Number of protein chains: 4
Amino acid sequence: MDKPSGLITVDGFRQLLQDQHPFATRIGAEILDIGHGTASLRLPPDDAHTRLGGIISGPMLMALADLTLYAAVVGATGNAEAVTSSLSINFIRGAPPGGVVAQARILKTGRICSGEVHLYPDGNGQPVAHAISTWALPRS
Amino acid sequence: MDKPSGLITVDGFRQLLQDQHPFATRIGAEILDIGHGTASLRLPPDDAHTRLGGIISGPMLMALADLTLYAAVVGATGNAEAVTSSLSINFIRGAPPGGVVAQARILKTGRICSGEVHLYPDGNGQPVAHAISTWALPRS
Amino acid sequence: MDKPSGLITVDGFRQLLQDQHPFATRIGAEILDIGHGTASLRLPPDDAHTRLGGIISGPMLMALADLTLYAAVVGATGNAEAVTSSLSINFIRGAPPGGVVAQARILKTGRICSGEVHLYPDGNGQPVAHAISTWALPRS
Amino acid sequence: MDKPSGLITVDGFRQLLQDQHPFATRIGAEILDIGHGTASLRLPPDDAHTRLGGIISGPMLMALADLTLYAAVVGATGNAEAVTSSLSINFIRGAPPGGVVAQARILKTGRICSGEVHLYPDGNGQPVAHAISTWALPRS
């Protein structure tokens, strides 16, 4: 059985980022998949993402987490005006240099949406970070 | 009475970012002040920081928050190898385009450090975001 | 200059807890002060609040933090139907047996309210915990 | 294949709570299962757990979440002296009166342990709350 498709396509979301979210081009994440309340994005390897110790920096991981949650929220609601209300992240292990894949899922949609995202080194392995987040949808 | 000076100077911290933290140059924050467990950084105005609605994006605010906490942790401990263990942020209001100033303070140092940071639009006003965070110091 | 008074009195809030919040009587916090977006509550000393090591348990501190934020939200909005949407807490130091005082302030009111609370051992000293939280107001 | 057994049994954990954690008897949670880094506890139905609106109060849910994470940490490490360092919880939906089951898993053990816990109404259904947490192990 197919999982329900998202309310935005991968191409549509890429266009949305290009047209409306200038900051996103700096992060340079690849959009792998968007479903109805799920999304997967990938931060490609780049030495410019690292910090002391050669691991991927916290801000790059947080940016990836936030953007992946945004894709999942838009996939579930179709509402591009959603904004992060709160985000809590645990950094579990140092993220080795290389790509990072984030997998988000939304646990509740509504005026306030709630979701989570796990971040893995590319090619899998143990999670390097885990975040929960709430999102607010503007009054329509 | 002077407040106790930090264990790293503003110049020393700028050098540390340049030499050891490649990701930090992308963020481009100015270092305003570092004390013993306090720090203040400023994200200059840049259209590339914004998101839909013209407000400063969450990832840029989280990056500024994390970097300001890092400055305060190094100011309190002198330990540049500190890493973020957890960070929780509330986005309180849309951050208008323009500069953003972050003010961090450390509430506890030790194996695990604990701190908070408030973010304000440049020229002050009401806070746009507020974060708490724990940091781990490597075994020495 | 007097600070603006809260939209509920200390007596009114005590009555609200007694009438509508059965769980609150188990916690047994004293209501010290409620202003317009501020509140202070006190958890009296009780051996039944402790955990291994003789310190006050995390759940009792979280309960005190949540209840103090609730008082501050009701003080700012008059809306008793507010519910916690998210809460993030850092446990900073072991809380010695004895009373604990919590001081909350609301940074934003609206559909989503945002606030913070610091917890101190009775008679002051360094903070033992610090939390940030968002609250949702029901549609009116 | 059997999953690896925890470093404490359900009976051993119950005894630990009785002997060393006075606060836990107030919460009255049942211990359903403890594995190596996993645990499941249940909060039995009790009108004294509710708040305005007839839903289970946030503090009771946070207490259950924290205690279930503790069981999972002790199951993974055998170290009863572990203490919560940070906890972030999203309240996703109102928790209907009745029992609540919490399922925790530890994503990393070490000096700092990291885990998450989902809370469900008894008899399952959609999650009512979701938390992530870090725990500190004392120096041995």
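# Strands, core and copies

Reader: What makes β4 (residues 100–108) and β5 (residues 112–121) of chain C a pair?

Author: Eight bridges join the two strands, which run antiparallel. Two strands pair if DSSP finds at least two bridges between them, so eight bridges qualify. Strands are DSSP runs of E with at least two residues, numbered from the N terminus.

Reader: What kind of model is this, and how are its parts labelled?

Author: This is a predicted model: local features need pLDDT of at least 70, side-chain atom pairs count only at pLDDT 80 or more, and totals for chains, interfaces and linings use all residues. Residues are numbered from 1 along each chain as its sequence is written, while chains are lettered from A and ligands numbered from 1 in the order in which they are written.

Reader: Why is the sheet's β1 (30–34), in chain C and in chain D, said to stand at an edge?

Author: The open sheet has 12 strands with antiparallel pairing, in the order β1(C)-β2(C)-β4(C)-β5(C)-β6(C)-β3(C)-β3(D)-β6(D)-β5(D)-β4(D)-β2(D)-β1(D). Each β1 has a single partner strand, so one side of each lacks a neighbour in the sheet. Neighbouring strands are turned by 20° against each other on average, direction ignored.

Reader: How do you know which residues of chain C touch chain A?

Author: Residues are in contact if their C-beta atoms, placed from the backbone, lie within 7 Å. By that rule, six residues of chain C contact six of chain A. β3(C) gives the most to this side of chain C, with three residues.

Reader: What makes Leu64(D) stand out in the largest nonpolar core?

Author: That core has 188 residues, and Leu64(D) is among those with the most contacts inside it, together with Leu64(A), Leu64(B) and Leu64(C). A nonpolar core is a set of buried Ala, Val, Leu, Ile, Met, Phe, Trp, Tyr and Cys residues joined through C-beta atoms within 7 Å. Buried means that 20 or more other C-beta atoms lie within 10 Å of a residue's own. Leu64(D) touches residues including Ile27(D), Leu41(D) and Leu119(D).

Reader: Why is the relation of chain C to chain A called a two-fold axis?

Author: A rotation of 180° with 0.0 Å of shift along its axis superposes chain C on chain A, RMSD 0.0 Å. Therefore the relation is that of a two-fold axis.

Conventions
Helix = DSSP H or I, 4+ residues; strand = E, 2+ residues; numbered from the N terminus. Axes fitted to C-alpha atoms, helices over the stretch in contact; angles between N-to-C directions. Contact = placed C-beta atoms within 7 Å. Buried ≥ 20, exposed ≤ 12 C-beta atoms within 10 Å, placed from the backbone. Least-squares fit on C-alpha atoms with pLDDT ≥ 70 in both. Lists of a residue's contacts leave out its neighbours within four places in sequence.
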